[in-house]
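Q: I have a structure open here and would like to talk it through piece by piece. Could we begin with the overall fold and then go to the details?

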There are 2 protein chains.
Amino acid sequence: MNGAQSLLGTFVAAGIDVCFTNPGTSEMHFVAALDKEPGMRAVLGLFEGVVTGAADGYARMAGKPACTLLHLGPGLANGLANLHNARRARSPIVNVVGEHATYHRKLDAPLTSDINGFASPVSGWIRVSESADAVAGDAAAAVQAALLPPGQIATLILPADTAWNPAQRIATPLPVPGLTPADPNAIEAVIAALRSGEPCTLLLNGLGVSEAGLALASRIAQQCGARLFGDTFIARMPRGAGRVDLPRVPYFAEQAEEALAGTRHLILVDTKAPVSFFAYPGRASELAPKDCVIHRLTAPGEDTLHALAAVAEGVGAQGRTPAFGGLVRPALPRGALNPASIAQALGALLPEQAILVNEAATSGFALPAMTAQAPPHDWLDLTGGSIGMGLPAALGAAVACPDRRVVALQADGSAMYTIQSLWTMAREQCDVTIILFSNRKYAILQVEFMRVGAENPGPKAMSMLDLSRPDLDFVALAKGMGVPAVRATDAATFNDALAGSFATPGPFLIEAVL
Amino acid sequence: MNGAQSLLGTFVAAGIDVCFTNPGTSEMHFVAALDKEPGMRAVLGLFEGVVTGAADGYARMAGKPACTLLHLGPGLANGLANLHNARRARSPIVNVVGEHATYHRKLDAPLTSDINGFASPVSGWIRVSESADAVAGDAAAAVQAALLPPGQIATLILPADTAWNPAQRIATPLPVPGLTPADPNAIEAVIAALRSGEPCTLLLNGLGVSEAGLALASRIAQQCGARLFGDTFIARMPRGAGRVDLPRVPYFAEQAEEALAGTRHLILVDTKAPVSFFAYPGRASELAPKDCVIHRLTAPGEDTLHALAAVAEGVGAQGRTPAFGGLVRPALPRGALNPASIAQALGALLPEQAILVNEAATSGFALPAMTAQAPPHDWLDLTGGSIGMGLPAALGAAVACPDRRVVALQADGSAMYTIQSLWTMAREQCDVTIILFSNRKYAILQVEFMRVGAENPGPKAMSMLDLSRPDLDFVALAKGMGVPAVRATDAATFNDALAGSFATPGPFLIEAVL
C-alpha cells in the first residue's frame, strides 16, 4: 500500500465514495490507486471549476462530502470561485490538492506556487501531508473537518512523494462533530418577542429551511401572526406540494427594505442580519428596519431544529398545522417564449422529486411562483454570487441523486464560465435538463448599471454588457460536448422539448431564445 | 470626474491603452468611464481566465502592460491560473479588481472574500484604494510596479465608492524603473570560465533570448566553443531566418541531464539553475551535472545585454558573426495527418512575422525543427505549466500586434480550460489561426503515468486520462462561438485550410484529428 491507496481507503471508510477530478502528473499515484479501490467513483471534469462546483452540488444533495482532486496551486486556483460559492452554501467538501514532492518544493519549478495562500480564503481547514504514513490520519481529519457543522471546506495538500511512498494503514473514521446547542437565553428572548404582540418576522436559512424547520416555523408564524422569509439565496430548500412555500427576501435592496418594513422584531434562524448584495450610492447596505430589534435564535452550526421546537412549545404552537401547499400546476403555455412562459411550462411539467438548480439570474423571476405548488422538489441557489455554479452543481446533484431529474435553470452569460460541465454530463449520462435562457446579454448588469448611478451607457459600456456580436449558439456548444440539444423560439416547441427531455434518460439542453 | 475616470485617465497617460475585462456590478463605474476615455480600448472576455491570459499574451508582445478588470475576489480567482503563468513569464500586468464599497466590506455580503489573499500568490504589488482621491496616485504606482524589471503583476483593489465618488486629478506617470547593473565580479568569473578551455554551457532566458542577446551569446559561443541552451519554456523568443536557432533544455529530466552532460561551467543568463518540471521517484530534481560549477551572469531584472556585451569583449568575440539561420522551408506534406506533417505544413506556409503561441504539449515535438528556418517569427511558450494559456495568450498577442498573423498551436485537453477565448477572437476579428491537435486524450499524462512509477493504468485510471466518450467536436464548439472552423484528417485538407486561413482576415480553427 502506498500513501495514495491509504488516502482513498480512508476516504471510503469514512463514507466518501465520489471524487470529482482534474488530475495532472503530481496526482498520478492517486489516479493509479482508483483501480485498487472499488468503493471510489471518479468523475472527470475538463476544468477545475466544474470539479469544485460539482462537489458543491453533490454535497448539498448527498448531505456528505465528495472529494476533489486538483493539480497543484493553479488547479486549485481554477476551482476557487465555485469553492467560494460552496463556502457560502456551507457545503462540506474535501479537496485533495497535489503538490510537488516534499524535496522538490524548494526548487521553484514552474508549477510551484503558494497553495496554502490560494486555499486560505475558502478553506476552514488546511493541512499539508508531510509523509506517506501521515496521509491516512490527515485524510480522516480532513473528512471530520469538512463535516464540522454547518459544513466547511477542508483542503488536504498532498506532496507527490507522500502519495507514492509506502504507507502502513487505512485510518478509522473520526467522530462526526455534532451541532452546538442553541443558547437558552436566545430561545427565551425569541419567545418573549413572539408573545409581545408586536410585529415579528422570522428570517430563515440552513436547518431552518429544511422540511422539519419550515414546518416548525410555519406553526410558530400562525400561532403568533409572525411573518416568514427565507434568505435571498439558499443552498437547498424543499418546495412544492406538501411543503411550506417560503417567500424570499428580494434581491434589490429597496424591495428588500419594503418587504421587511413594519417588522419590530427580526428573528434570525440559522442566518445573519440581511444586507444588500452590493452597495449603491446613497442607499443603506443593512436591510432590516432601523428601529427593529434583531434576535438571533441560532447561528450556523447550532441546533436550529431543537431551538425552533422549543420556541413552538413556548408560544403554544405545537397543535398548529403547518401551511402546506397543495398540488396546483399551471396550464401549458401557448404562443411566445419568454421567461414567464418558460416558468409556466416548467410548473406544468416538472417531475416529482426534481432538483432545480437556479442560476437563471434576471430570467428567473417567474420561476418561484410557477413552481411553488408543483410536485415536491428541491431548489438550489447560487449562494456566493460567483456565476458559473449552475451547470457544475447540476452535474454534482445528478451524481448524488441518480434517480431524480435535475433541471438546470441557466442564464447564458453565467453558463459560459463553466460550459465544460456539459461534457461530463454526457460522459456520465446524467439526467440533467438544461434550460438555457439565451437573452444574449448580461441583463443584470444592464439593470445594475442604472442602479449604481452611472449615466446612460455609451457604446463602449454597452458592448461590455452585451453577449451578441457574435451570438452564442448553445445548440452547437452542446453538440460539441456530446449533449443533444434543441433551440426553441416559441412555447410549443419548448413544451415539447421539455416533456421529451423529462421522458428520456441522459442530459439534454434547450436553448430558449428570448 | 469620478475615481473611475481618474483611474482610466491615469492609465492612458502612462501608456496603458487596452483593458481586458469581465466586469460585474461593483465595476459599473469603471465600465461607464470607458465612454469618457477614448484612449482606452476595452476587450470583453466571457471568463476571467481569458482576460488574464490575454493580458499575458499582450504584455509579451507589446512590451507593456494591459490592464484587466475583474469582479471581486471570485473574479480574480478565476483569473489566477493564467496570472500564475504570467508571473512565470515575467509579464507586466495591472489588475484592477473591483471590491465592495469601503463601508460595505464589513457586512460579509455573499461576494465578500479575502481579495488580498487570492492576489498574494501571483502579485508582486498589491494595494487597496481607500478613497476616490487616492485612486489616481494608486493607479500610477500600479503601472510603475508592473514595469519593475523584469516585469511583474500589480493588483489594484478598487472599492466601488472609490470609483463613483468625485476625484480631483489624473496622475502623472511615475518614472519607469531601470534594470539593475550586472555584478562586475560575476562578469569576470564568467569570462574566466569561458577562457579556461573547460566545457562551458550558457543557459539563456529573458533578455538573453532577445534578438540582441542571442546574437551576443552566439558570438561568445563561437569564440569559446561553448554550447547554448534556452530554458525549456520561454515567454517570447525571436526565431526563424536571420535569427540564432537556440536549442532548448528538453522537458523530460533524463533527456535534460543528457543534454547538459559534460558541462563543466554552467553559465546562467537571466535565469536560474535548471530543475525538472516534476519530481520522479528515484530521480534527481536538479538537472545540472553534479560536478559542474554554476555561474550566474545575471538574474531577472539585471542588465543582461550589457553583461553579455562585456563578456563578449572579455573573450574577444566582438568580431564574430552570430550563427544566423537561412530561410529554408520544408515541402508541403502529403498523406497522413499527424504532428510531424502538421509541423511540416506550418514550416512550409508560415507567414512572415507570425506569432506562434505554443500549447501543443505532446503534439508539438516536431514544431521547433520544422519552423527553425521559416520566415522570422516570435515563439511564445506556456511558462508556468498551468494549461489553458494558449488561446487567451493568442488573443492578447493578436490585440497587441494587429498586423501580424497569430498561430495558436493548441492541444485539445488544454484548449478546454479557456475555450471561451474563441468568442472574443470572433468579436474582435483577431487574425488568429488555431491548429487544434485533437488526439482525444491527456497524452502527456499517459506518458507521465508510467514515468512516475505507477503501475499500468487500470480502466478507472485510463478514463481519467482519456478525452473520448464523448469525443469533443471542436468544429461545433468554434461555430458555437462564431469562429469558422474545419476538420482535417489528412494532410491535403490541412494544407488547404492552413493556407486559406493565412490568406483570410479573422480567426479560423482547424481541428486536426490525430
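A: Gladly, with the caution that this is a predicted model. In chain A, residues 24 or more positions apart account for 81% of the contacts with a separation of 6 or more.

Q: How many helices and strands does chain A have?
A: Chain A has 20 helices and 17 strands. Its radius of gyration is 24 Å, close to the 24 Å that the globule rule gives for 514 residues, so chain A is as compact as a globular protein of that length.

Q: And what does the C-alpha trace of chain A span along its principal axes?
A: The trace spans about 65 × 60 × 45 Å, and of the 514 residues in chain A, 63% count as buried.

Q: Which strands make up the open sheet in chain A, and in what order?
A: Six strands form that open sheet, in the order E2-E1-E3-E4-E6-E5 of chain A, and their pairing is parallel. At the edges are strand E2 (41-44) and strand E5 (125-128) of chain A, each of which pairs on one side only. Neighbouring strands of this sheet are turned by 20° against each other on average, if direction is ignored.

Q: Changing topic, how many residues of chain A are in contact with chain B?
A: On the chain A side 84 residues are in contact with 84 residues of chain B. The largest share of the chain A side, eight residues, comes from helix H4 (residues 72-89) of chain A. By class, that side has 47 nonpolar, 25 polar and twelve charged residues.

Q: Over to chain B, then: is H3(B) enclosed or open?
A: Helix H3(B) is largely enclosed by the rest of the structure, because 15 of its 15 residues are buried. As for its length, the 15 residues of H3 (residues 48-62) of chain B should span 21 Å at 1.5 Å a residue, and the end C-alpha atoms are 20 Å apart, which agrees. Just after H3(B), Gly63(B) takes a positive phi of about 70°.

Q: Which residues of H6(B) are buried?
A: The buried residues of H6(B) are Ala132(B), Val135(B), Ala136(B), Asp138(B), Ala139(B), Ala140(B), Ala142(B), Val143(B), Ala145(B) and Ala146(B).

Q: What covers the buried residues of H6(B)?
A: The cover includes helix H1 (3-13), strand E4 (93-99), strand E5 (125-128), strand E6 (153-159) and helix H7 (160-164) of chain B.

Q: Which strands are joined to E10(B) by bridges?
A: Five bridges join strand E7 (residues 200-204) of chain B to E10(B), running parallel, and Leu204(B) stands opposite Val269(B) there. Five bridges also join E10(B) to strand E11 (residues 293-298) of chain B, again parallel, with His265(B) opposite Val293(B) in E11(B).

Key:
Residues numbered from 1 in each chain as written. Chains lettered and ligands numbered in written order. Predicted model: local features only at pLDDT ≥ 70, side-chain atom pairs only at ≥ 80, totals over all residues. Helix = DSSP H or I, 4+ residues; strand = E, 2+ residues; numbered from the N terminus. Rg over C-alpha atoms; globule rule 2.2 N^0.38 Å. Buried ≥ 20, exposed ≤ 12 C-beta atoms within 10 Å, placed from the backbone. Contact = placed C-beta atoms within 7 Å. Expected span 1.5 Å × (residues − 1). Pairing = 2+ DSSP bridges. Axes fitted to C-alpha atoms, helices over the stretch in contact; angles between N-to-C directions. Nonpolar A, V, L, I, M, F, W, Y, C, P; charged D, E, K, R; others polar.
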